Amino acid sequence: MNEVKLIQLPKIFDERGNLSFIEKGKDIDFDFKRVYWIYDVPGGEIRGGHAFKEQEEIIVALSGSFDVVLHDGITETRFPLNRSFMGLYVPKMVWRTMLNFSTNAVAMVLASTFYDANDYIHDFDTYLKLKNSYA
Ligand code: TYD
């Protein structure tokens with residue numbers, strides 16, 4: 001699995017409230033080592049604005065809504081996330097930005113790696129150069 005894609009996760013409809021889940025090997029192929037979440041985002045703030053050399057991830061809008069803008073070095077695509085049963089798979093070496101957070105939005109990220117500051121590429125031009133050298 002190495003292309004950006006939206007994944008429909010299992011959803012158990014229930015009058016008492018719905019339930020969704022992610023199972024490694026079924027819904028996602030990679031081993032996730034870390035889960036983190038972004039919340040209490042003030043209106044108009046932008047998160048992300050970087051790429052990862054190794055980390056791949058799934059992003060889920062657990063609550064509320066936000067947009068994930070992905071740039072693969074050639075094309076930019078915007079993914080509005082607002083369903084807690086949809087996951088956006090982001091491979092390594094994709095530039096990603098998260099914005100347009102609604103009030104009470106919660107973004108959950110399942111990451112394939114432990115946190116490593118050295119895995120980040122913070123400069124877009126550096127990202128483009130590295131990306132082109134991979135191709
Ligand atoms: P960062 O990944 O830059 O946030 P975003 O991409 O949403 O803008 O992380 C912000 C800060 O949090 C940074 O100082 C690193 C720290 N951090 C951790 O310590 N562990 C983690 O798992 C993550 C994702 C971030």
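Me: Where is Asp40 found?

Reply: Asp40 sits in the loop between β4 (34-38) and β5. Strands are DSSP runs of E with at least two residues; helices are runs of H or I with at least four residues, and both are numbered from the N terminus. This is a predicted model, where local features need pLDDT of at least 70, side-chain atom pairs count only at pLDDT 80 or more, and totals for chains, interfaces and linings use all residues. Residues are numbered from 1 along each chain as its sequence is written, and side-chain values use heavy atoms, with hydrogens and water left out.

Me: Why does Asp40 count as exposed?

Reply: Exposed means over 50% relative accessible area, buried means under 20%, and partly exposed lies in between (1.4 Å probe, protein chains only). Asp40 has 64% relative accessibility, so it counts as exposed. Its phi is near 55 degrees, a positive value in a residue other than glycine.

Me: What makes Asn100 exposed?

Reply: The value for Asn100 is 53% relative accessibility, so it counts as exposed. Asn100 lies in the loop between β10 and β11 (106-111). Phi of Asn100 is near 65 degrees, which is positive in a residue other than glycine.

Me: Why is Thr97 called buried?

Reply: Thr97 has a relative accessible area of 16%, so it is buried. This residue belongs to strand β10.

Me: Which residues does Thr97 touch, not counting residues up to four places away in sequence?

Reply: Contact means heavy atoms within 4.5 Å. By that test, Thr97 touches Ile46, Arg47, Gly49, Asp67, Val68 and Val69.

Me: How many bridges join strand β5 to strand β10?

Reply: There are 3 bridges between β5 (residues 47-52) and β10 (residues 95-99), and the two strands run antiparallel. Two strands pair if DSSP finds at least two bridges between them, so β5 and β10 pair. Arg47 has Met98 as its bridge partner in β10. Gly48 has Thr97.

Me: How do you know that β5 and strand β12 pair?

Reply: They share 2 bridges, in the antiparallel sense. Ala51 stands opposite Ile121 in β12. Strand β12 covers residues 120-121.

Me: What is the order of the 5 strands in the open sheet?

Reply: The order is β8-β7-β10-β5-β12, with antiparallel pairing.

Me: Why is one side of β8 and of β12 left without a neighbour in the sheet?

Reply: β8 (76-81) and β12 stand at the edges. Each has a single partner strand, so one side of each has no neighbour in the sheet.

Me: How many helices and strands does the chain have?

Reply: The chain has 1 helix and 12 strands. Along the sequence the pattern is β-β-β-β-β-β-β-β-β-β-β-β-α.

Me: What makes the chain as compact as a globular protein of that length?

Reply: The radius of gyration is 15 Å, close to the 14 Å that the globule rule gives for 135 residues, so the chain is as compact as a globular protein of that length. The radius is taken over C-alpha atoms, and the rule is 2.2 Å times the number of residues to the power 0.38. The C-alpha atoms fill a box of roughly 50 × 35 × 25 Å, taken along the principal axes.

Me: What percentage of the 135 residues in the chain is buried?

Reply: Buried residues make up 39%. Of the contacts with a separation of 6 or more, 77% are between residues 24 or more positions apart.
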